[in-house]
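Visitor: I'm new to reading protein models. Could you walk me through a few features, one at a time?

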Amino acid sequence: MRNWPRLALIAWVMLRHGMDQLVLTQFSHPLLRLLARVLSVGRRLDAPRGVRLRLAFERLGPIFVKFGQVLSTRRDLMPPDIADELAKLQDRVPPFSSALARQLIEKSLGRPIEAVFAQFDADPVASASIAQVHFGVLHDGRQVAVKVLRPGVLEVIDADLGLLRTGARWLERLSADGRRLRPREVVAEFDKYLHDELDLGREAANAAQLRRNMDGLDLLMVPEMIWDLSSAEVLVMERMFGVPISQVDRLREAGVDIPKLARDGVTIFFTQVFRDGFFHADMHPGNIMVSLAPATFQRYIALDFGIVGTLDARDKEYLAQNFLAFFQRDYRRVAELHIESGWVPPTTRADELEGAIRAVCEPHFDRPLKDISLGQVLMRLFQTSRRFNVEIQPQLVLLQKTLLNVEGLGRQLDPELDLWSTAKPFLERWMNEQIGWRALAHQLRQEAPRYAQYLPALPRLLHDALKAQAAGGGSADPASRELLQALLAEQRRTNRMLQTAGWLVTGFLLGVVSAALLVRWMML
């Protein structure tokens with residue numbers, strides 16, 4: 001019942017800004033059009049529909065603003081007038097008062113602003129759904145950006161999440177599709193990431209991790225955090241200078257190679273996902289700039305690290321194999337991967353799933369990005385997944401959202417970009433590293449502590465297990481049998497790896513010796 005006031009507010013805001021008209025007028029049925037005319041009586045809806053939608057999202061708070069940010073990047077799905085207005089949500093949400101921002105900063109620092117900053121700009125340079133940013137200069141001359149959390153934002157987000165949880169429960173009760181989509185787990189994942197974003201200390205840690213990961217790639221710049229001036233409510237970081245990525249004409253005039261910039265964006269995304277398993281998950285244009293400084297010309301600048309995604313080794317391997325199978329048009333392998341991972345019931349016929357995936361994906365290959373709508377592909381795949389009872393994986397929701405953002409940026413920069421051919425060499429190289437010499441050496445290093453623990457104790461454990469089995473008339477303790485089987489399996493696995501490594505080393509040495517003898521024979 002405590003969600004009803006928020007639900008009533010959402011309905012009132014939507015009616016006030018004419019969102020019902022935006023929906024009902026899209027239908028051709030006479031009764032629905034008549035309903036739209038009846039509901040419009042007594043209301044003045046003079047403002048354009050895009051403006052009304054943006055104002056409604058701003059009034060309803062952070063979750064709706066973030067939804068608008070995602071929609072603004074999908075110009076293939078949104079009319080231009082709506083996309084242009086929603087783009088203003090990326091960094092032009094109405095700010096809160098400068099006096100309140102100053103008060104919050106001083107409370108976090110525990111001292112007056114003048115004691116920390118030689119210069120502080122009272123007017124915010126950017127204002128978003130969660131926080132706003134001011135520029136300043138420290139007494140040592142460093143130029144910094146100061147991010148301040150919006151007051152009262154936690155209460156609004158908790159209220160909206162309560163509504164989402166209620167809706168998810170009803171969806172699971174009333175719909176078989178709802179149970180398959182696991183909406184409660186998805187909302188729980190969304191809840192986790194939103195609350196992480198409200199902790200600016202966690203955002204600083206995310207930025208530091210991403211900065212270390214990207215060091216040496218020379219494609220992406222991440223600001224340095226000023227740790228002794230930061231807290232959960234206030235974040236002070238190095239000020240970054242660049243041009244917003246949405247200003248394509250300005251970048252082109254400065255000499256930036258726009259097609260290369262688009263390809264670099266794809267490389268950054270796949271590097272973060274498959275190499276690091278740690279990726280920036282809020283990559284809308286308001287958070288991305290491009291450096292024009294001579295020393296860092298054409299590098300991306302990332303901002304706002306409140307939401308990051310993580311993938312474990314199993315997720316990365318599964319996704320990489322799926323991508324490669326798609327690129328190679330091996331739809332049979334895609335179907336088998338879905339069955340092996342448990343995403344579809346084990347009784348699913350692989351040939352039927354293969355045919356359905358081929359029908360969705362085959363028309364989209366060998367075409368430039370401007371002719372491919374990933375949104376439409378995902379919609380068709382969703383319809384196919386419903387037929388085969390595919391379960392949605394909550395841990396991949398952020399990756400799906402980020403992939404849509406990357407596609408939106410790619411369309412904006414270079415409509416001719418072929419997303420498939422740009423990503424394929426990277427994934428093939430990554431997979432080779434997973435199954436080659438480097439992967440073997442890395443796995444041996446990781447498993448070495450376990451081998452050091454198990455191998456010395458193996459003779460004693462085997463002796464104890466055999467002794468217990470003999471004393472018990474052939475029936476050992478179940479726990480002992482389980483431990484013995486695990487140890488034997490680990491020993492067999494170790495022996496196989498060591499044998500493989502031995503044969504490879506032996507073959508390499510024999511090759512070197514043979515080559516040396518051949519060279520010597522030729523010199524005689």
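## A guided look around

Guide: Happy to. Keep in mind that this is a predicted model. Let's begin with helices.

Visitor: How many residues does helix α4 have, and how far does α4 reach from its first C-alpha to its last?

Guide: Helix α4 covers residues 49–60, which is twelve residues. From first C-alpha to last, α4 reaches 17 Å, close to the 16 Å expected at 1.5 Å a residue.

Visitor: And how many of the residues of α4 are buried?

Guide: Nine of the twelve are buried, so α4 is largely enclosed by the rest of the structure. Among those buried residues are V51, L53, F57 and L60, and also R52, R54 and E58. Just after α4 comes G61, with a positive phi of about 105 degrees.

Visitor: Which span should helix α12 have, and how far apart are its end C-alpha atoms?

Guide: Helix α12 runs over residues 200–214, and its 15 residues should span 21 Å at 1.5 Å a residue. The end C-alpha atoms are 21 Å apart, so the two values agree. At the start of α12, a side-chain oxygen of D199 comes to within 3.0 Å of the backbone nitrogen of G201. The buried residues of α12 include L200, A204, L210 and M214. Just after α12, G216 has a positive phi of about 100 degrees.

Visitor: What about phi in residues other than glycine?

Guide: Most residues other than glycine have a negative phi. Here are two with a positive value. Q298 has a phi near 75 degrees, and D304 has one near 60 degrees.

Visitor: Where do Q298 and D304 lie?

Guide: Both are in loops. Q298 is in the one between β9 (288–290) and β10 (300–302), while D304 is in the one between β10 and β11 (308–310).

Visitor: Next, aromatic rings. What describes a pair of them?

Guide: You use the distance of the centres and the angle of the planes. A search of the whole structure turns up three aromatic pairs. Take F117 and F120: their ring centres are 5.6 Å apart and their planes are at 50 degrees, so this pair is tilted. F117 and F120 are both buried. The pair of F269 and F270 is edge-to-face, with 5.2 Å centre to centre and 75 degrees between the planes. F269 and F270 are both buried as well. Ring pairs link F269, F270 and F274 into a cluster.

Visitor: What sits over the ring of F135?

Guide: The charged end of R239 does, 3.7 Å from the ring centre.

Visitor: Where do nonpolar side chains tend to go?

Guide: In soluble globular proteins, nonpolar side chains tend to be buried together. In this model, the largest nonpolar core has 69 residues, and F270, F274, Y300, L413 and L427 touch the most other members. Helix α14 (residues 258–276) gives the largest share of this core, nine residues. Leaving out residues up to four places away in sequence, F270 touches R275, F323, A423, F426 and L427. Apart from that core lies another, of 16 residues, with F117, F120, V148 and L229 among them.

Visitor: One last stop: which residues does S231 touch?

Guide: Not counting residues up to four places away in sequence, S231 touches S108, L200 and G201. The side chains of S231 and S108 make a polar contact at 2.6 Å. S231 itself is in the loop between β5 (220–221) and β6 (234–238).

Methods: Residues numbered from 1 in each chain as written. Predicted model: local features only at pLDDT ≥ 70, side-chain atom pairs only at ≥ 80, totals over all residues. Heavy atoms only, no water. Helix = DSSP H or I, 4+ residues; strand = E, 2+ residues; numbered from the N terminus. Expected span 1.5 Å × (residues − 1). Buried < 20%, exposed > 50% of the residue type's maximum accessible area, 1.4 Å probe, protein only. Phe/Tyr/Trp six-rings, centres within 6.5 Å; stacked < 30°, edge-to-face > 60°. Lys NZ or Arg CZ within 6 Å of the ring centre and 35° of its normal. Polar contact = N/O pair within 3.5 Å; in protein donor to acceptor, adjacent residues only side chain to side chain. Contact = heavy atoms within 4.5 Å. Core = buried A, V, L, I, M, F, W, Y, C linked by side-chain atoms within 4.5 Å.
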